[in-house]
Amino acid sequence: MTAEVAPGEVLLECTDLVRRFGGVAAVDGVGFGLRAGEVSALIGPNGAGKTTVFNLLSGFLAVTSGSITWRGRDITSAKATARAGSGLVRTFQQPRVFAALTVHQNLVTATHAVVPSRVSADLLGLPGARRRARQRQGFADELLDRFDLAVHAEVKAGDLPYGLRKRLGLVLGVAASPRVLLMDEPAAGLNDAEVELLKQDLATIRGSGVTICIVEHHMGLIMSVSDRVMVMESGRMIADGTPAEIANDERVVAAYLGQGATA
Amino acid sequence: MKSGSVKAFFKDRTRIGWVAVVVLAVFFATIGDPTYIHLGSLVAIWALWGSSFNLIWGYAGQFSLAQVGFGAVAGYSVAILTARWGWSFWAAVPLAIALTVLFSVVVGYFSLRLSGFYFAIMTLAFALLVVRVISSSELAGRSTGIKSNFDIGTISLGPLEWNLTSRTGGFVLLAFVLLAAVLAFIGRIERSGTGWALNGLREDETLSRSLGIEPLRFRLVGFMVSAVIAAIGGILYATYLRYISPGFFGLPAVIAMIALVVLGGRGFRFGPVLGAVVYIGITQWLEVGGEWGDGVFGALLILLVLFAPKGLLGIDLRRLRRRAEPPPPTDDDEPVAARPVPRRESQGVKA
């Protein structure tokens, strides 16, 4: 699906994004572009507006002002579902999974964007419906193998330990076949071994041609996986550069990195 | 589906369900005793109504109280078309179902945007509005209703004559055939992308949206299909009683429908069948009449909610057996049980 994207093409771009809650501007004039193949990180102290930016980009919040374009097309007021369907997918800070479904069923459900349901064919039991059901199963099986989840396939997602639930939440995002994957704190709450596993997963996802943007506090992870780091403070972008540039930026060090976040 | 035993277990359950439906159908359709024809008709009709509510609540997670209203719209449409305007039964039925679906789209369009409690209240308001309109309409016979011999007649199947007249074994068979068709149809939805989308929306709407599943679209489809099932139930009910009045479609019917789905097991395809058998069995067969019948049924519901909140079909027999035996040294049934897992509060649902 990503084959048609030229490397370096700006897939997602936002300009002058503003989001106010009451009188407070949680996001106050943020703009950046995400280029195909890039792994970028969005960092900043708590309350800087990072998750709000993700909510605006993914369509879960409406912008107060500003614009968002996806592959040159304006999507500022597009529905979240439409954005997800076109390949702009996000994951959540709290591990969101379909708790009462098994891991395998979770993945089958998440293949919706890849194998869209034709409601009429489903209800009438047309041959196409059966073919798509097989495609879904096949795609889910493939993801189980690719992310080593096969041993947990029949476990209810709500019964998984935290780390695995978090991982499943990430794989659900992958199952939606993203071109750009916005990951909201994928390392939050994970132990060291799980963070190492996450690094491998990120490499796998990137290797399949997905452009990644991560909101994260885990500096070790960010410095090792990112091509580019953007720093927010109080709703504004205060720095944007390579990990090395960011690590030496005085404003960033003052705002954020200085506060013992050198893990 | 990596674990063959789990798959086999669920396959068996489906088979058990089908065997039960066939046994019930044959028993009630051939016994010839009017009492059992009465009971059988009611079991099939309530199982249909329950299936309608089970689809929209158990599968799609929408606590819709409009289902009885859909049954009323369909039943009254047939009654008015046949008794008042002289249509034939078979011509009236498709139009009645079409009208019900149209009505469900209107109700769904306004109510499916609302969440949880507000959705329930909105759909209840529509259901009660239907009863209100019917009770004050001259055409619908006001509160006395319409007395009508819904003349289905007979169908010739080659050399066989299938007598579908109300209060005969043939009618009971018809009711069970329709029930079986609805259950097979729900099974088809269960395995389809539409079914997965409904499951996903029930479990987590935000996550579903992030995966491209459009809530209103799929819920509206689920709502329309559930309205068709309720319509079939409503038409059968009026046909069976040869009579229709607003009293059938009030709050008691709404409550009974919820109760029998909870009893049988929400989200289980055959749950409403079991629920209907138990419900009709207690209130009609045991003739624990009037307030006592409701009382016994109510007590049973309380026990169930306390000890088996997922309903009768939700009782995990393997877990019960395991509890009865001395605990095994290792729990090899569940691969993730190595670490204690904080359980989310019960969802009360299975896929």
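**Exercise 1. Aromatic pairs**

Task: Find how many aromatic pairs a search of the whole structure gives over all chains. Then classify the pair B:Phe27 and B:Phe28, and the pair B:Trp49 and B:Phe249.

Solution. 
Step 1. The search over all chains gives 24 aromatic pairs. Keep in mind that this model is predicted.

Step 2. Take B:Phe27 and B:Phe28. Their ring centres are 5.1 Å apart, and the planes meet at 70 degrees. Planes over 60 degrees apart count as edge-to-face. The pair is therefore edge-to-face.

Step 3. Check the surroundings of these two residues. B:Phe27 has a relative accessibility of 37%, so it counts as partly exposed. B:Phe28 has a relative accessible area of 7%, so it is buried.

Step 4. Now take B:Trp49 and B:Phe249. The ring centres lie 5.9 Å apart, with planes at 25 degrees. Planes under 30 degrees apart count as stacked. This pair is therefore stacked.

Step 5. Locate the two partners. B:Trp49 sits in helix α2 (residues 34-59) of chain B, and B:Phe249 in the loop between β4 (243-244) and α10 (251-264) of chain B, so the pair ties together parts that are 200 residues apart in sequence.

Step 6. Check burial. B:Trp49 has a relative accessible area of 1% and is buried. B:Phe249 is at 2% relative accessibility and also counts as buried.

Step 7. Look for a wider group. B:Trp49 and B:Phe249 belong to one aromatic cluster, whose members include B:Trp46, B:Tyr76 and B:Tyr279.

**Exercise 2. The nonpolar cores**

Task: Which residues touch the most other members of the largest nonpolar core? Then list the contacts of B:Phe176, leaving out residues up to four places away in sequence.

Solution. 
Step 1. The largest nonpolar core has 106 residues. B:Trp46, B:Trp49 and B:Phe176 touch the most other members.

Step 2. Turn to B:Phe176. With those sequence neighbours left out, B:Phe176 touches B:Val21, B:Leu24, B:Ala25, B:Phe28, B:Gly40, B:Val43 and B:Ala44.

Step 3. Look for another core. There is a second, separate one of 47 residues. Among its members are A:Phe98, A:Leu172, A:Ala175 and A:Leu181.

**Exercise 3. Salt bridges**

Task: State how many salt bridges a search of the whole structure finds over all chains. Then describe three of them, starting with A:Asp28 and A:Arg236.

Solution. 
Step 1. The total over all chains is 15 salt bridges.

Step 2. In the bridge between A:Asp28 and A:Arg236, the N to O distance is 3.2 Å. A:Asp28 is in strand β2 (residues 24-35) of chain A and A:Arg236 in strand β10 (residues 236-241) of chain A, so the bridge ties together parts 208 residues apart in sequence.

Step 3. Both partners are partly exposed: A:Asp28 at 22% relative accessibility, A:Arg236 at 47%.

Step 4. Next, A:Glu38 and A:Arg35 meet in a salt bridge at 3.6 Å, N to O. A:Glu38 is buried, with a relative accessible area of 11%. A:Arg35 is partly exposed, at 38%.

Step 5. Last, A:Asp184 bridges to A:Arg90, and their closest N and O atoms are 4.0 Å apart. A:Asp184 is in strand β7 (residues 180-184) of chain A and A:Arg90 in strand β6 (residues 88-90) of chain A. The two are 94 residues apart. Both A:Asp184 and A:Arg90 are buried.

Step 6. Finish with a network. Bridges that share partners join A:Arg35, A:Glu38, A:Arg228 and A:Asp240.

**Exercise 4. Chain B and its surface**

Task: Describe chain B as a whole. Then is B:Leu99 buried or partly exposed?

Solution. 
Step 1. Count the elements. Chain B has 13 helices and four strands.

Step 2. Look at burial. Of the 351 residues in chain B, 51% are buried.

Step 3. Find B:Leu99. This residue is in helix α4 of chain B. Its relative accessible area is 37%, so B:Leu99 is partly exposed.

Step 4. See what surrounds B:Leu99. With B:Trp85, B:Trp87, B:Leu95, B:Leu102 and B:Leu139, B:Leu99 forms a nonpolar surface patch. Together they have about 590 Å² of accessible area.

Conventions: Residues numbered from 1 in each chain as written. Chains lettered and ligands numbered in written order. Predicted model: local features only at pLDDT ≥ 70, side-chain atom pairs only at ≥ 80, totals over all residues. Heavy atoms only, no water. Patch = residues over 30% accessible without salt bridge, like charges linked within 9 Å, V, L, I, M, F, W, Y side chains within 5 Å. Areas by Shrake-Rupley, 256 points an atom, 1.4 Å probe, with all protein chains shown as cover. Salt bridge = Lys/Arg side-chain N within 4 Å of Asp/Glu carboxyl O. Buried < 20%, exposed > 50% of the residue type's maximum accessible area, 1.4 Å probe, protein only. Core = buried A, V, L, I, M, F, W, Y, C linked by side-chain atoms within 4.5 Å. Contact = heavy atoms within 4.5 Å. Phe/Tyr/Trp six-rings, centres within 6.5 Å; stacked < 30°, edge-to-face > 60°.
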